[in-house]
Amino acid sequence: MVAKASDLRKDVIDIRSGRRLGELIDIEIDEKSGRITAIVVPGEGRWFGLFGGGPDIVIPWTKIVCIGPDCILVEIDRPVPL
C-alpha cells in the first residue's frame, strides 16, 4: 500500500483523556531502519503548526494505539514537547 503525505492529515486523540491533541504535522523516521519512531502534533495554542503557542508535541510510535481513516488514537501519560 502506498500513502501520500496528504493521507497523513489526521486528528490525533488521546484515549486516556479523550482530548484532541491536534492534527498530525510531521513524523520522525529512523534513517538506518526506515521505521517511523514518532509522530508530531503542534503544541498547544499553535495555529496550523505555524504561529504562537508552545513547542510541538512528540508522541513515540509505541504510544500509538490505532491508526484509522480519520484519526490516530494514542495513549500518553502527558505530551512530550519537542
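Q: How many disulfides are found, then?
A: A search of the whole structure gives 0 disulfides.

Q: What kind of model is this?
A: It is a predicted model, in which local features need pLDDT of at least 70, side-chain atom pairs count only at pLDDT 80 or more, and totals for chains, interfaces and linings use all residues. Residues are numbered from 1 along each chain as its sequence is written, and side-chain values use heavy atoms, with hydrogens and water left out.

Q: Back to the cysteines: are C66 and C71 buried, exposed or partly exposed?
A: C66 counts as partly exposed at 38% relative accessibility, and C71 counts as partly exposed at 22%. Buried means under 20% relative accessible area, exposed means over 50%, and partly exposed lies in between (1.4 Å probe, protein chains only).

Q: What about the overall fold, how many helices and strands?
A: The chain has 0 helices and 8 strands. Helices (H or I, at least four residues) and strands (E, at least two) are DSSP runs, numbered from the N terminus.

Q: How much of the chain is buried?
A: Of its 82 residues, 27% count as buried.

Q: Which residues make up the largest nonpolar core?
A: It consists of 11 residues: V12, L21, L24, I39, V41, I57, I59, I64, I72, V74 and I76. Strand 4 (36–41), strand 5 (57–60) and strand 7 (71–74) are the elements that give two or more residues to this core. A nonpolar core is a set of buried Ala, Val, Leu, Ile, Met, Phe, Trp, Tyr and Cys residues joined through side-chain atoms within 4.5 Å.

Q: Why would such side chains gather like that?
A: In soluble globular proteins, nonpolar side chains tend to be buried together.

Q: What does L21 touch?
A: Leaving aside residues up to four places away in sequence, L21 touches V12, D14, V41, P42, I59, V74 and I76. Contact here means heavy atoms within 4.5 Å.

Q: Changing topic, how many salt bridges are there?
A: The search of the whole structure finds 3. A salt bridge is a side-chain nitrogen of Lys or Arg within 4 Å of a carboxyl oxygen of Asp or Glu.

Q: Which residue does R16 pair with?
A: R16 forms a salt bridge with E75, at 3.3 Å from N to O. R16 sits in the loop between strand 1 and strand 2, and E75 in the loop between strand 7 and strand 8 (80–81), so the pair ties together parts that are 59 residues apart in sequence.

Q: And is R16 buried or exposed?
A: R16 counts as exposed, at 53% relative accessibility, whereas E75 is partly exposed, at 32%.

Q: Which residues form the remaining salt bridge?
A: The side chains of R20 and D11 meet there, at 2.9 Å from N to O.

Technical notes: A disulfide is a pair of cysteine sulfur atoms within 2.5 Å.
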